[in-house]
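User: I've got a structure to go through and some questions about its surface, strands, rings and charges. Can we take them one by one?

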Amino acid sequence: MLRRKAVVIGAGIGGIACAMRLQSLGFDTEIVEALDAPGGRAYVRKADGFVFDMGPTVLTVPHFIEELFSLQQDHAMLGEPDFPAHVLDEDNRVREGISGGPNTSKYVEIIPILPFYRIYFDDGTYFDYDGDPVSTRTQIQRLAPEDLAGYEAFHEQARAIFQRGFLTLGYTYFGSLGSMLRVVPDLLKLGAVRSLFGMVSKYFKSDKMRQVFSFEPLLVGGNPMKVPAIYAMIHFVEKTWGIHYAKGGTGALVAGLVKKFEDMGGRLRLNAPVQRILVENGVAKGVELASGETINADVVVSNADYATTYLKLVDKAHRRINRDALVKFRKQSMSLMVIYFGYECRDNDPDLRHHNIILGPRYEALLDEIFEQKVMSPDFSQYLHIPTLTDPAMAPAGHHAAYTLIPVPNNASGIDWDVEGPKLSARVLTFLEERGYIPDLAARLKHMSFITPDYFAETLGSYLGNGFGVEPVLTQTAFFRPHNKSEDVHNLYLVGQGTQPGGGTPSVMMSAKMTAREIARDYGVDASIVNGVPSQR
């Protein structure tokens with residue numbers, strides 16, 4: 001019997017994860033990637049002896065990764081996840097040592113990181129967030145004692161949202177309006193549809209605590225002022241399973257996933273950009289590469305940007321729902337400027353952490369300028385990542401490899417990044433030096449390069465240079481977010497941050513499972529078996 005053929009466009013984490021699942025479903029699966037290495041946003045830059053993860057560096061929910069490395073041929077594992085029992089502990093405290101499982105360790109080493117983040121405020125004070133209930137309350141007592149009672153109330157609402165929104169609905173695919181309407185009463189009851197910042201402000205009086213407990217959606221492309229309060233679940237996802245690092249960087253995780261995929265019989269082709277998706281009579285038949293070569297397939301899955309998939313790869317004659325006007329109408333997430341730099345270590349360097357959030361003097365006004373006004377701001381906030389504090393092998397001996405990520409408007413702004421990019425990078429590095437985060441940085445600098453929204457637009461093919469796909473506002477969440485199964489083209493599916501459930505490494509892994517489930521249902525594959533046990537849904 002001939003095996004069905006699947007082709008996946010793009011070797012981002014979502015694309016690789018979906019390809020692995022299709023291979024386990026019995027498809028002969030091939031990934032075609034435009035770049036010269038896999039990863040997509042998780043591409044790796046090597047320069048002057050330094051290794052830089054170019055994109056995602058925050059890993060959580062390690063059992064999602066373990067499930068991928070546990071896949072086998074004809075063992076799809078598409079049912080509900082077997083969440084470890086400790087997620088229902090009284091305070092959802094992180095257990096020491098939670099990391100990659102036995103199958104993960106065959107391909108990559110996953111290391112817990114503590115604290116999760118050191119969050120610096122503009123006055124020089126900081127908050128170490130590590131998920132530990134005693135530590136969290138101690139630091140609130142130190143910085144904003146008036147907010148201790150508010151934290152307890154916030155904690156309880158966030159727990160309820162997490163248990164319903166993540167543990168129960170996390171893998172729900174909202175393919176119909178009815179599927180969405182069935183859960184709306186619960187979400188309304190939980191207060192999960194108001195803005196996250198509005199929810200946080202209800203419980204915290206201090207600006208510092210409001211920032212600490214609302215900034216996390218920025219890591220998945222969301223404006224804390226606009227994302228629904230269901231994103232409070234991120235707080236519990238992190239405190240439940242912790243924050244992790246793949247030794248060798250996120251690129252090492254990507255390499256491990258590719259190796260597992262190839263061990264399963266899958267194929268990855270690099271330097272193979274797709275020019276168009278072949279459609280006949282409303283049915284996807286394969287892809288045509290920029291070289292002119294065609295690859296026939298029974299199933300096509302696009303891990304490319306949602307807007308780019310429809311606007312550039314699917315002829316408008318085949319699009320009744322995802323017309324140009326609708327695709328362009330959807331609000332895109334903000335973009336990023338990321339500065340990669342290597343510098344000499346010193347014994348008396350300040351006590352930075354692996355993950356550092358450095359907040360600027362303004363919060364709400366800055367977010368409005370980035371997301372709504374789309375203008376260059378006089379100030380900035382940043383996420384400073386120094387993996388060599390955990391993994392010295394990422395840099396030459398005696399040096400640190402780092403990157404700092406600055407949220408900026410997407411290219412709907414009209415900003416000329418050829419002009420503004422060098423200016424902003426100089427301002428940011430000068431700030432780190434003059435404010436004492438990395439003293440004498442200019443004298444110690446051994447490498448510096450950066451990317452702007454133009455990189456996202458031109459190299460990664462993101463519409464308007466968005467950093468995280470469609471922005472996660474309420475009107476673009478769940479059923480209202482782009483669907484993983486195309487409404488226009490039969491046998492065409494989407495996967496990744498632009499689809500359900502959204503951005504962030506755990507979410508794109510969940511997206512891969514959702515998409516594979518839909519394919520399994522459409523092709524009559526039994527997707528209800530998890531380790532031989534029927535799913536409860």
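User: Leu 177, Leu 181 and Phe 480 form a nonpolar patch on the surface, so what accessible area do they have together?
Analyst: Keep in mind that this is a predicted model. Leu 177, Leu 181 and Phe 480 make up a nonpolar surface patch. Taken together, their accessible area is about 270 Å².

User: Let's move to β17. How many of its residues are buried?
Analyst: Strand β17 spans residues 399-408 and is mostly covered. His 399, Ala 401, Tyr 403, Leu 405 and Pro 407 point one way, while His 400, Ala 402, Thr 404, Ile 406 and Val 408 point the other way, and all are buried. In a regular strand, side chains alternate between the two faces of the sheet. The count of buried residues for β17 is 10 of 10.

User: Which residue of β17 is the bridge partner of Glu 344?
Analyst: Strand β14, residues 335-344, runs antiparallel to β17, and 10 bridges join the two. For Glu 344, the bridge partner in β17 is His 399.

User: And which residue in β17 does Leu 384 stand opposite?
Analyst: Here the neighbouring strand is β16, residues 382-385, which is joined to β17 by three bridges and runs antiparallel to it. The residue in β17 opposite Leu 384 is Thr 404.

User: On to the rings. What is the angle between the planes of Phe 116 and Tyr 129?
Analyst: A search of the whole structure turns up 30 aromatic pairs. Among them is Phe 116 with Tyr 129, at 5.4 Å centre to centre. The pair is classed as edge-to-face, and the angle between the planes is 85°.

User: How many residues apart in sequence are the parts that this pair ties together?
Analyst: Phe 116 sits in the loop between β5 (110-113) and β6 (117-120), whereas Tyr 129 belongs to strand β7, residues 126-129. Phe 116 is buried at 1% relative accessibility, and Tyr 129 is buried too, at 3%.

User: What about Tyr 117 and Phe 215: how many residues apart are the parts they tie together?
Analyst: Tyr 117 and Phe 215 also form an edge-to-face pair, with 5.4 Å centre to centre and 85° between the planes. Both residues are buried. Tyr 117 lies in strand β6 and Phe 215 in the loop between α8 (207-212) and α9 (233-241), so the parts they tie together are separated in sequence by 98 residues.

User: Which residue lies over the face of Tyr 171?
Analyst: Tyr 171 belongs to a cluster linked by ring pairs, together with Phe 64, Phe 162, Phe 166, Phe 236 and Trp 241. Over its face, at 4.7 Å from the ring centre, lies Lys 513.

User: How far from the ring centre of Tyr 126 is Arg 118?
Analyst: Arg 118 lies over the face of Tyr 126. The distance from the ring centre is 3.9 Å.

User: Asp 324 forms a salt bridge with Lys 316; is Lys 316 buried or exposed?
Analyst: The closest N and O atoms of this pair are 3.5 Å apart. Asp 324 is partly exposed, with a relative accessible area of 22%. Lys 316 has 56%, and the cut-off for the next class up is over 50%, so Lys 316 is exposed.

User: Which helix do Glu 420 and Lys 423 both lie in?
Analyst: Their side chains meet in a salt bridge at 3.9 Å, N to O. Glu 420 is partly exposed at 23% relative accessibility, and Lys 423 is partly exposed at 47%. They sit three residues apart, about one turn, in helix α14 (residues 417-434).

Notes
Residues are numbered from 1 along each chain as its sequence is written. This is a predicted model: local features need pLDDT of at least 70, side-chain atom pairs count only at pLDDT 80 or more; totals for chains, interfaces and linings use all residues. Side-chain values use heavy atoms; hydrogens and water are left out. Buried means under 20% relative accessible area, exposed over 50%, partly exposed in between (1.4 Å probe, protein chains only). Helices (H or I, at least four residues) and strands (E, at least two) are DSSP runs, numbered from the N terminus. Two strands pair if DSSP finds at least two bridges between them. Rings of Phe, Tyr and Trp (its six-membered ring) pair if their centres lie within 6.5 Å; planes under 30 degrees apart count as stacked, over 60 as edge-to-face and the rest as tilted. A charge sits over a ring if NZ of Lys or CZ of Arg is within 6 Å of the ring centre and within 35 degrees of the ring normal. Patches are made of residues with over 30% relative accessible area and no salt bridge: like charges are joined within 9 Å, nonpolar side chains (Val, Leu, Ile, Met, Phe, Trp, Tyr) within 5 Å. Accessible areas come from the Shrake-Rupley method with a 1.4 Å probe; for residues, only the protein chains shown count as cover. A salt bridge is a side-chain nitrogen of Lys or Arg within 4 Å of a carboxyl oxygen of Asp or Glu.
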